[in-house]
Structure formats: structure tokens, C-alpha cells
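Please consult the sequence and the model shown here while reading.

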Amino acid sequence: MYEIHKTLGIGLKEISYTDAMEFEFLANQIPCEREKRFVVRYKEKVLRNPYVADFLVFENIILEIKSSASIIEAHHYQALSYLTVSGKKVALIINFGEKSLTWKRLIL
């Protein structure tokens with residue numbers, strides 16, 4: 001993460017940091033699934049539109065990449081929603097949009 005922030009700096013679109021993160025995961029043989037889809041259920045029915053997390057790492061950690069001025073409350077709610085629909089317990093929000101790399105860990 002720090003290498004990506006140091007190399008790319010701030011101001012790029014989120015997708016650029018996501019691409020770089022995938023490159024680093026693969027280069028370091030870290031098991032991950034990009035754009036991991038989680039079904040949403042309502043009254044035992046699977047809804048048409050799944051939630052799509054940026055990454056699922058080590059089969060248990062949801063990783064959300066951001067490129068914004070700061071990590072805001074809406075990012076927390078998004079990650080908590082992913083935890084709820086996935087049944088996972090840990091999410092990380094990583095923000096490349098600030099002068100210093102910031103991150104937040106959420107535990108359900």
C-alpha cells in the first residue's frame with residue numbers, strides 16, 4: 001500500500017490504485033479476488049443486484065479502495081454493508097486520496 005501511494009502519489013482515479021493493488025497482490029502471491037460479488041437476500045429471495053467489493057483478500061478480508069479527500073462516514077457504511085451481506089467479519093478501507101496514506105479497519 002505504501003509503495004503504491006509513494007509511486008503513484010495522490011490525485012488519480014480510484015481504478016488506478018485498484019489496478020496497482022491487484023498488481024502488488026499478484027506479484028506477492030497474496031490470494032485475492034477482485035470485484036468480489038456478494039448476493040443480497042430479501043425475505044429468502046436473492047435480489048437482482050449484488051454488492052461488489054473491490055477485493056476479498058485471504059478469503060476473509062473485504063478491502064475497499066478509495067481516492068478521496070478523507071475517509072468519510074459513507075465509506076464506513078458501505079464497508080459495513082459488505083460485511084453484512086458477505087458474512088465476513090473484517091473490512092479495510094484504504095484511502096489513497098490524502099497526502100498521507102490513510103486506512104480504517106472495521107470489525108463486525
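## Lys66 and its surroundings

A salt bridge joins the side chains of Lys66 and Glu64, at 3.6 Å from N to O; the term denotes a side-chain nitrogen of Lys or Arg within 4 Å of a carboxyl oxygen of Asp or Glu. The model is predicted: local features need pLDDT of at least 70 and side-chain atom pairs count only at pLDDT 80 or more, whereas totals for chains, interfaces and linings use all residues. Residues are numbered from 1 along each chain as its sequence is written, and side-chain values use heavy atoms, with hydrogens and water left out.

Lys66 is buried at a relative accessible area of 8%, and Glu64 is likewise classed as buried, at 2% relative accessibility. Here buried means under 20% relative accessible area, exposed means over 50%, and partly exposed covers the range in between (1.4 Å probe, protein chains only). Lys66 belongs to strand β5; helices (H or I, at least four residues) and strands (E, at least two) are DSSP runs, numbered from the N terminus. The side chain of Lys66 also makes a polar contact of 2.7 Å with the side chain of Gln78. Such a contact is a pair of N or O atoms within 3.5 Å; within protein, one must be able to donate a hydrogen and the other to accept it, and residues adjacent in sequence count only if both atoms are side-chain atoms. Leaving aside neighbours within four places in sequence, Lys66 is in contact with several residues, including Glu14, His75, Ile94 and Phe96, where contact means heavy atoms within 4.5 Å.

## Other salt bridges

Side chains of opposite charge can pair when their charged atoms come close. Across the whole structure, a search finds 5 salt bridges. One of them joins Arg34 to Glu22, with the closest N and O atoms 2.7 Å apart. Arg34 lies in strand β1 and Glu22 in helix α2, so this pair ties together parts that are 12 residues apart in sequence. Both partners are partly exposed: Arg34 at 22% relative accessibility and Glu22 at 26%. Asp19, Glu22 and Arg34 are linked in a network of salt bridges.

Lys36 and Glu33 form a further salt bridge, in which the closest N and O atoms are 3.4 Å apart. Lys36 is partly exposed, with a relative accessible area of 21%, and Glu33 also counts as partly exposed, at 37%.

## Aromatic pairs

A pair of aromatic rings is described by the distance of the centres and the angle of the planes. The structure holds 3 aromatic pairs. Among them, Tyr17 and Phe96 are stacked, at 4.7 Å centre to centre with 5° between the planes. This pair links distant parts of the chain, with Tyr17 in helix α2 (residues 14-27) and Phe96 in the loop between β6 and β7 (102-107), 79 residues apart. Tyr17 and Phe96 are both buried.

The rings of Tyr51 and Tyr82 have centres 5.4 Å apart and planes at 85°, so this pair is edge-to-face. Tyr51 in strand β4 and Tyr82 in helix α3 (residues 73-86) are 31 residues apart, and the pair links distant parts of the chain. Tyr51 is partly exposed at 33% relative accessible area, whereas Tyr82 is buried at 7%. For these assignments, rings of Phe, Tyr and Trp (its six-membered ring) pair if their centres lie within 6.5 Å; planes under 30 degrees apart count as stacked, over 60 as edge-to-face and the rest as tilted.

## Strand β6

Leu92 is located in strand β6 (residues 90-95) and counts as partly exposed, at 23% relative accessibility. The C-alpha atoms of Leu92 and Leu63 are 4.9 Å apart, although the two residues are separated by 29 residues in sequence. Not counting residues up to four places away in sequence, Leu92 touches Ile61, Ile62, Leu63, Glu64, Trp103, Lys104 and Arg105.

## Positive phi values

Most residues other than glycine have a negative phi, and most peptide bonds are trans. Glu35, which is not a glycine, has a positive phi of about 50°. Glu35 lies in strand β1 (residues 32-38) and is partly exposed, with a relative accessible area of 48%.

Phe58 also has a positive phi, near 55°. Phe58 is placed in the loop between β4 (51-57) and β5 (61-66), and is partly exposed at 47% relative accessible area.
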